[in-house]
Amino acid sequence: MRLHRRRLLQLACWLGLAALLPFRPLGIVVRNGWILREDDN
Amino acid sequence: MRLELSALGEDDHFDCCIVGTGPAGVTCALALADAGKRVALLEGGGEDWSEWSQGLYRGEVEGDPYFDLAASRLRYFGGTSNHWDGWCRTLDAVDFQAKGSREITRWPISRPDLDPHLAKAAEILELPPLHDDKPLAGGGFKRVHFVASPPVRFGEKYRDRLVADRRITLVFDANLVGLETNGAAISAAKVAGSDGQRRGVRADRYVLAAGGIENSRLLLWCNAQAGGQIVKDARTLGRYWMDHPHFQLGEAILEDEFAHHPGENEHYAFFAPTARTIAQSGILNCGLRLQFTIYEESAQMVADMACVAPDLGSWFFSQLGATLICGAIVHAAWEQEPRAENRIELSEARDALGMPRPKLFWRKSAADLHTVQTVAFGFGAYLARTGTGRLRLEPWVLGEADYPDDDQLAGQHQMGGTRMAATPDQGVVDANCKVFGQSNLYLAGSSVFPSSGHANPTLTIVQLALRLAEHLMGLS
């Protein structure tokens with residue numbers, strides 16, 4: 001049951017994030033040692 | 001049975017004389033005894049640790065920071081199994097092959113040659129079931145598994161069996177100081193006790209199973225004494241020595257579902273590049289060990305990341321609170337390029353038995369750094385691309401600093417020096433672990449590894465020892 005709830009919460013979070021981020025070609029950048037997507041901000 | 005060196009008769013003759021009571025020596029001795037062979041099993045140290053015996057392991061190191069040679073291995077009954085951690089994994093199939101254009105990594109055997117000995121080796125090491133590797137969706141990497149031996153201490157576990165077996169003659173304080181040869185076969189192993197007494201041990205066949213440094217040192221010394229008549233083409237003797245460099249790569253924030261798999265180790269996750277990635281990138285093998293952190297450490301990682309990506313950091317904070325992500329320290333243990341320059345030589349200094357001490361020359365190469373950098377960047381990019389996490393790399397991985405001196409440095413997996421090869425110009429032993437040019441001298445242990453993969457070596461050592469025993473049983 002706990003796993004099910006976690007999965008739903010995770011899905012909701014991803015959907016929320018996806019809605020906020022416009023689609024753009026994926027690139028990889030390094031900032032202060034962090035390997036990030038170009039659109040990570 | 002157990003015998004004092006003084007009680008060993010010059011007329012005693014054995015089917016096999018094995019030097020060393022670590023995982024390789026004990027495994028080989030028991031397998032031969034089970035097949036009805038009479039075995040002399042010689043241990044240079046005693047039943048327990050002693051300062052005198054351990055002192056024989058002192059040596060010099062030149063090159064990159066490395067361990068005190070008298071501390072990284074143990075010289076008493078059970079050998080270095082007395083302080084190993086127990087981590088086990090088989091070598092990958094790709095580890096037996098030439099990696100890219102590097103023919104030097106090729107073994108003269110392949111993984112299917114060792115697979116028949118896996119179940120027995122796992123039983124000896126008391127391993128839980130081994131799992132298959134699982135390629136990660138999105139490509140490039142695979143989730144791999146290490147399993148833990150209790151860990152088995154070979155002296156403790158097998159003492160009673162070795163002593164009770166009438167076919168085995170176990171002798172402590174029996175230090176190999178020379179090998180008699182007629183140029184084509186060994187006729188006796190010359191053995192000295194700490195009290196100065198000397199004996200010759202005669203057998204049909206001889207196996208040196210003394211460890212990843214000592215096999216080279218013993219063979220270099222015995223060969224020098226015999227005027228080069230033991231290893232006639234000694235160009236590779238002592239050379240192509242390797243360890244697995246071990247360093248912390250950085251830290252990662254990971255989707256919890258990606259990091260933790262039900263039924264698997266709850267403290268660690270392991271990853272490695274696929275064979276295709278190794279081939280395409282021109283790298284060697286490399287294992288990543290992700291060690292999960294407690295909440296406060298994970299929160300600090302997210303805070304650090306928020307400095308460079310505030311929105312993402314804020315979102316990760318919400319996920320951390322809901323336990324949907326976790327933090328991990330990322331360690332790498334990787335395959336070192338086999339290089340002739342990395343070697344064991346005989347030092348000018350002598351030990352208490354009058355034998356030259358070893359001198360280890362060990363450096364990591366540009367290819368070694370390239371391997372770990374490629375894997376680190378590749379894994380970091382994989383996490384970012386798939387959204388399964390983010391990785392922060394240490395300055396040394398980014399090429400902004402040298403390797404740190406205060407890290408783990410290496411796995412103390414001492415390998416190579418008497419490498420297995422198809423021809424005597426490429427190595428010291430053949431595919432059956434027989435020394436080229438000698439009809440009855442064999443080597444067991446990690447010193448025969450021509451290349452090392454990224455896996456801890458003990459499981460492969462035991463598989464090879466079982467294979468050697470099977471080979472010896474088949475000889476008349």
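Tutor: What follows starts with the whole picture, goes in to one spot, and then visits a few other places.

First, some ground rules. This is a predicted model, in which local features need pLDDT of at least 70, side-chain atom pairs count only at pLDDT 80 or more, and totals for chains, interfaces and linings use all residues. Residues are numbered from 1 along each chain as its sequence is written, chains are lettered from A and ligands numbered from 1 in the order in which they are written, and side-chain values use heavy atoms, with hydrogens and water left out.

Chain B holds twelve helices and 23 strands; these are DSSP runs numbered from the N terminus, with helices (H or I) of at least four residues and strands (E) of at least two. Its radius of gyration is 23 Å, close to the 23 Å that the globule rule gives for 476 residues, so chain B is as compact as a globular protein of that length. That radius is taken over C-alpha atoms, and the rule is 2.2 Å times the number of residues to the power 0.38. The C-alpha trace of chain B spans about 80 × 40 × 40 Å along its principal axes. Of the 476 residues in chain B, 60% are buried; buried means under 20% relative accessible area, exposed over 50%, and partly exposed in between, using a 1.4 Å probe and protein chains only. Take the contacts in chain B between residues at least 6 apart in sequence: 73% of them join residues at least 24 apart, where a contact means heavy atoms within 4.5 Å.

B:Val26 counts as buried because its relative accessible area is 0%. Leaving aside neighbours within four places in sequence, B:Val26 is in contact with B:Gly20, B:Thr21, B:Phe154, B:Tyr158 and B:Leu162. B:Gly155 is 129 residues away from B:Val26 along the chain, yet their C-alpha atoms are separated by 8.4 Å.

Apart from residues up to four places away in sequence, B:Ser81 touches B:Pro23, B:Val152, B:Arg153 and B:Phe154. A polar atom of the B:Ser81 side chain lies 3.0 Å from the backbone nitrogen of B:Phe154. That is a polar contact: a pair of N or O atoms within 3.5 Å where, within protein, one must be able to donate a hydrogen and the other to accept it, and residues adjacent in sequence count only if both atoms are side-chain atoms.

B:Pro150 and B:Pro151 are joined by a cis peptide bond, with omega about 10°, and B:Pro151 belongs to the loop between β8 (147-148) and α5 (154-164). B:Asp165 is placed in the loop between α5 and β9 (168-171). Its relative accessible area is 9%, so B:Asp165 is buried. B:Asp165 is in contact with B:Met1 and B:Ala33, leaving aside neighbours within four places in sequence.

Elsewhere in chain B, two residues stand out by their backbone angles. B:Leu409, in strand β21 (residues 409-410), has a positive phi of about 75° although it is not a glycine. B:Gln412, in the loop between β21 and β22 (415-417), has a positive phi near 55° and is also not a glycine. B:Leu409 is buried at 10% relative accessibility, whereas B:Gln412 is partly exposed with a relative accessible area of 33%.

Finally, here is the other chain. Chain A follows the pattern α-β-β along its sequence, and 29% of its 41 residues count as buried. B:Gly380 is buried, at 0% relative accessibility. The C-alpha atoms of B:Gly380 and B:Leu393, 13 residues apart along the chain, are separated by 8.5 Å.
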